[in-house]
Amino acid sequence: MSGNENNASSLAERAVSLGLEGYSSSEAMLVACAPLIGIPEGLALRAACGLAGGCGLSGGTCGVVTAAVIAIGLRFAPKDPSDTQARIRAMHLCAEFTNAFAARHGSLLCSELCLKLCPDVDLRSKDGAKTIRETGMPNRLLRSAGEMIEK
């Protein structure tokens, strides 16, 4: 979001670090972005909580993706809804991100990104989340999105 390569690396590293500390991928992504978008980390944590596991553990759009889209919106969307040009620009930036993420990873869906590695895992169980984490996929997605969001 800033075009600074050093920030991209630190955002990606911070997101991965938060994931390793036990944050869900959506929480890790939005909390890592919080300083760049000007919101308190506690607010980012709470806002991203329900996005985990593809929105409410449904396997839908990956929480890393939805958290990144929220961050892009908070950074670039206008405060005045009548500013149509800025709204369209923010939407296009979100589309660029989601298109690039899908091209890089083959999908936007948690069920296709993580669950394909562990098809019998129940995302809603504590053991299921642990199994997914052990594949390393959440960290790869966090690192990738962290690097992409800064560009």
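Modeller: Helices H4 and H5 pack with their axes 9 Å apart, at an angle of about 155°. Axes here are lines fitted to C-alpha atoms, for helices over the stretch in contact, and angles run from 0 to 180 degrees between N-to-C directions. Helices (H or I, at least four residues) and strands (E, at least two) are DSSP runs, numbered from the N terminus. The model is predicted: local features need pLDDT of at least 70 and side-chain atom pairs count only at pLDDT 80 or more, while totals for chains, interfaces and linings use all residues. Residues are numbered from 1 along each chain as its sequence is written, and side-chain values use heavy atoms, with hydrogens and water left out.

Biologist: What is the relative direction of H4 and H5 called, and why?

Modeller: Angles under 35 degrees count as roughly parallel, over 145 as roughly antiparallel, 65 to 115 as roughly perpendicular and the rest as oblique. The angle between H4 and H5 is about 155°, and these two helices are therefore roughly antiparallel. Their crossing is right-handed; a crossing is given that name if the near helix is turned clockwise from the far one by less than a right angle, and left-handed if anticlockwise.

Biologist: Which residues make the contact between H4 and H5?

Modeller: H4 brings Val64, Val65, Ala68, Val69, Ile72, Gly73 and Phe76, and H5 brings Ala86, Arg89, Ala90, Leu93, Cys94, Phe97, Thr98 and Phe101. Contact means heavy atoms within 4.5 Å. By class, twelve residues in the contact of H4 with H5 are nonpolar, two polar and one charged. Ala, Val, Leu, Ile, Met, Phe, Trp, Tyr, Cys and Pro count as nonpolar, Asp, Glu, Lys and Arg as charged, and the others, Gly among them, as polar.

Biologist: What makes H2 and H4 parallel or antiparallel?

Modeller: H2 and H4 pack at about 20°, with their axes 8 Å apart. That angle makes H2 roughly parallel to H4. The crossing of H2 and H4 is right-handed. On the H2 side are Ser25, Ser26, Met29, Leu30, Cys33, Leu36 and Ile37, which meet Gly63, Val64, Ala67, Ala68, Ile70, Ala71, Leu74 and Arg75 of H4. The contact of H2 with H4 has eleven nonpolar, three polar and one charged residues.

Biologist: How do you know which direction H2 takes relative to H8?

Modeller: For H2 and H8 the angle is about 25°, and the axes are 10 Å apart. That makes H2 roughly parallel to H8. The crossing of H2 and H8 is right-handed. Ser25, Ala28, Met29, Cys33 and Leu36 of H2 are in contact with Pro138, Leu142, Ala145, Gly146, Ile149 and Glu150 of H8. Eight nonpolar, two polar and one charged residues make up the contact of H2 with H8.

Biologist: What makes a set of residues a nonpolar core?

Modeller: The set must consist of buried Ala, Val, Leu, Ile, Met, Phe, Trp, Tyr and Cys residues joined through side-chain atoms within 4.5 Å. Buried means under 20% relative accessible area, exposed over 50%, partly exposed in between (1.4 Å probe, protein chains only). In this model the largest nonpolar core has 42 residues, and those with the most contacts inside it are Met29, Val64, Phe97, Phe101 and Leu141. Helices H1, H2, H3, H4, H5, H6 and H8 each give two or more residues to this core. H2 supplies the largest share, eight residues. In soluble globular proteins, nonpolar side chains tend to be buried together.

Biologist: Which residues does Leu141 contact, leaving aside its neighbours within four places in sequence?

Modeller: With those neighbours left aside, Leu141 is in contact with Cys62, Val64, Phe101, His105, Leu113 and Cys114.

Biologist: Why is Arg143 not called buried?

Modeller: Arg143 lies in H8. The relative accessibility of Arg143 is 30%, so this residue counts as partly exposed. Leaving out residues up to four places away in sequence, Arg143 touches Ala12, Glu13 and Val16.
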